[in-house]
Amino acid sequence: MAVLEVRNLSKSFGNLEVLSDISFEVKKGEAVAVIGPSGSGKSTLLRCINQLEKANGGTIRICDTDMLSVNENGKSVYADKDTLRAIRLKTGLVFQNFNLFPHMTVLRNITEAPVCVLKKSKEEAAATAMELLKKMGLESKAKSYPCELSGGQQQRVSIARALALSPEILFFDEPTSALDPELTGEILKVIKELASEGMTMVIVTHEMGFARDVADKIIFMEGGYIVEQGGPEQLFGESASDRVKQFLQRFNNL
Amino acid sequence: MTSEQVGNLVGLMLQYTIPTLKIFFFTLLYSIPLGMVVALLKMCRFKPISWLTNIYILIMRGTPLLLQLIVVQYSVPYIRISDACPEFLRDFLNKIDIRSEDYIFNMILLAFVLNYAAYFAEIFRGGIESIPKGQYEAAGALGFGKAQTFFRVILPQVVKRVVPASSNEIITLVKDTSLASAIPYMEIMYIAKKQVPTYASLLPLFIAGIFYFVIAMVLTVVFSAVEKKLDYYK
């Protein structure tokens with residue numbers, strides 16, 4: 001079963017087309033890595049799927065619900081407000097620069113959405129949050145403020161915050177780009193663990209080794225197009241297209 | 001001057017501190033929420049509303065508060081004798097007793113609130129616009145609605161950021177209340193000025209100055225405590 005289906009998605013800022021004819025799907029339990037040079041549209045793609053940008057054409061289906069569909073006139077239209085909000089609760093997003101709420105404790109960062117949006121009781125939300133913090137190795141930081149944590153710890157909190165809504169699919173937008181190599185390892189380990197637990201994920205990343213080892217499928221983007229998609233053995237192997245080979249050359253030579 | 005005379009003056013001014021504080025507190029009570037509304041209107045994406053709000057702010061910040069106080073105070077008598085005034089409005093305005101204490105106070109308050117709301121609006125707008133876009137995006141991705149995002153995520157952070165600039169404005173307000181003496185409205189400045197010829201001395205003005213200074217000092221201490229209190233996160 002496909003958790004996410006994207007068909008012929010396009011997006012432009014003014015005259016500049018940043019996404020063209022993007023089609024792919026993510027099955028339940030799959031980890032998909034999106035790689036490619038900077039400015040290739042990877043982040044924009046994630047932002048379109050997460051309703052942070054408006055796409056111009058194509059369709060997006062999440063958990064068998066149409067988010068963006070083509071009407072009888074051939075135009076792409078978004079679902080109504082309630083449906084869009086319902087979809088948002090089935091998706092989680094982890095940002096490059098964490099975007100934690102600085103005025104809330106770590107615990108409240110995680111419980112705020114379950115309490116305010118899902119109307120869970122404070123106790124129930126706190127219990128779930130503590131479990132997630134334990135999983136992230138941060139139980140002792142529940143009462144700290146984000147500014148008191150390292151970048152890696154902040155990113156783990158933001159992953160816990162996204163998981164607290166029990167999303168069907170979790171998106172990572174360059175989750176390690178703001179971190180040094182040591183902290184990067186910390187975050188990649190967490191994502192790897194989630195993958196082994198069967199969490200459905202889409203990860204935009206520049207960590208090629210991680211993409212190769214963890215992803216079930218890799219999408220290579222450039223200039224707003226998907227150049228190639230397939231299993232890691234395909235993209236990192238001999239059968240890859242020349243452009244992908246060229247992009248991965250430096251990595252493969254290491 | 002005898003110490004008894006000084007004592008009398010201090011007692012007199014203490015008595016007139018109440019009307020001064022009345023203008024001060026009621027101005028804050030109304031101008032801060034109004035300032036927030038004005039800030040949001042100025043940021044409104046529907047341009048005509050944003051422009052109109054901007055014209056209001058430009059006028060309030062570009063003309064003297066003293067002038068505004070006088071214009072507002074005399075608006076009722078001058079509008080009701082104007083030929084252009086529609087009948088229903090004239091009937092309404094004719095019922096107002098422009099010599100009553102309530103009228104004088106309310107019109108002073110109105111002028112202060114309109115003026116200070118414009119200044120607060122600019123401070124609040126700056127505060128709101130300084131919140132990173134990522135905060136809105138994170139809230140949106142977590143399913144918060146627009147109102148929830150504003151009140152739970154944005155506003156608490158704005159409060160912290162606008163405290164220093166607002167406290168500056170609030171301390172200015174303490175001293176600006178003295179402008180009401182020109183209406184005239186009987187507060188510290190009014191009574192001090194009146195005592196100068198009686199005592200043939202500038203001492204009443206010095207004592208008035210001390211009164212304003214002490215109030216401003218108390219506020220300075222309060223605000224630095226508030227800033228410290230809000231310093232639990234960066």
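This is a predicted model: local features need pLDDT of at least 70, side-chain atom pairs count only at pLDDT 80 or more; totals for chains, interfaces and linings use all residues.
1. Chain A contains an open sheet of five strands, ordered E2-E1-E4-E5-E6, with antiparallel pairing. Strands E2 (16–27) and E6 (76–78) of chain A have a single partner strand each and stand at the edges, so one side of each has no neighbour in the sheet. On average, and with direction ignored, neighbouring strands of this sheet are turned by 20 degrees against each other.

2. Within the sheet, strand E1 (residues 2–13) of chain A pairs with strand E4 (residues 57–62) of chain A; the sense is antiparallel and there are five bridges. Val6(A) is placed opposite Ile60(A) of E4(A).

3. Two helices pack on this sheet. Helix H1 of chain A (residues 42–49) touches E1, E2 and E4 of chain A, and its direction makes about 65 degrees with that of E2(A). Helix H2 of chain A (residues 81–90) touches E4, E5 (65–70) and E6 of chain A, with about 125 degrees between its direction and that of E5(A).

4. The largest nonpolar core has 77 residues, and those touching the most other members are Val32(A), Val34(A), Ala160(A), Phe171(A), Val202(A) and Ile203(A). Leaving aside residues up to four places away in sequence, Val34(A) touches Lys42(A), Leu45(A), Val202(A), Ile203(A), Val204(A), Ile219(A) and Met221(A).

5. Another core, of 41 residues, lies apart from the largest one. Its members include Phe112(B), Val162(B), Tyr185(B) and Ala192(B).

Notes:
Residues are numbered from 1 along each chain as its sequence is written. Chains are lettered from A and ligands numbered from 1 in the order in which they are written. Two strands pair if DSSP finds at least two bridges between them. Helices (H or I, at least four residues) and strands (E, at least two) are DSSP runs, numbered from the N terminus. Axes are lines fitted to C-alpha atoms, for helices over the stretch in contact, and angles run from 0 to 180 degrees between N-to-C directions. Two residues are in contact if their C-beta atoms, placed from the backbone, lie within 7 Å. A nonpolar core is a set of buried Ala, Val, Leu, Ile, Met, Phe, Trp, Tyr and Cys residues joined through C-beta atoms within 7 Å. A residue is buried if 20 or more other C-beta atoms lie within 10 Å of its own, exposed if 12 or fewer, and partly exposed in between; C-beta atoms are placed from the backbone.
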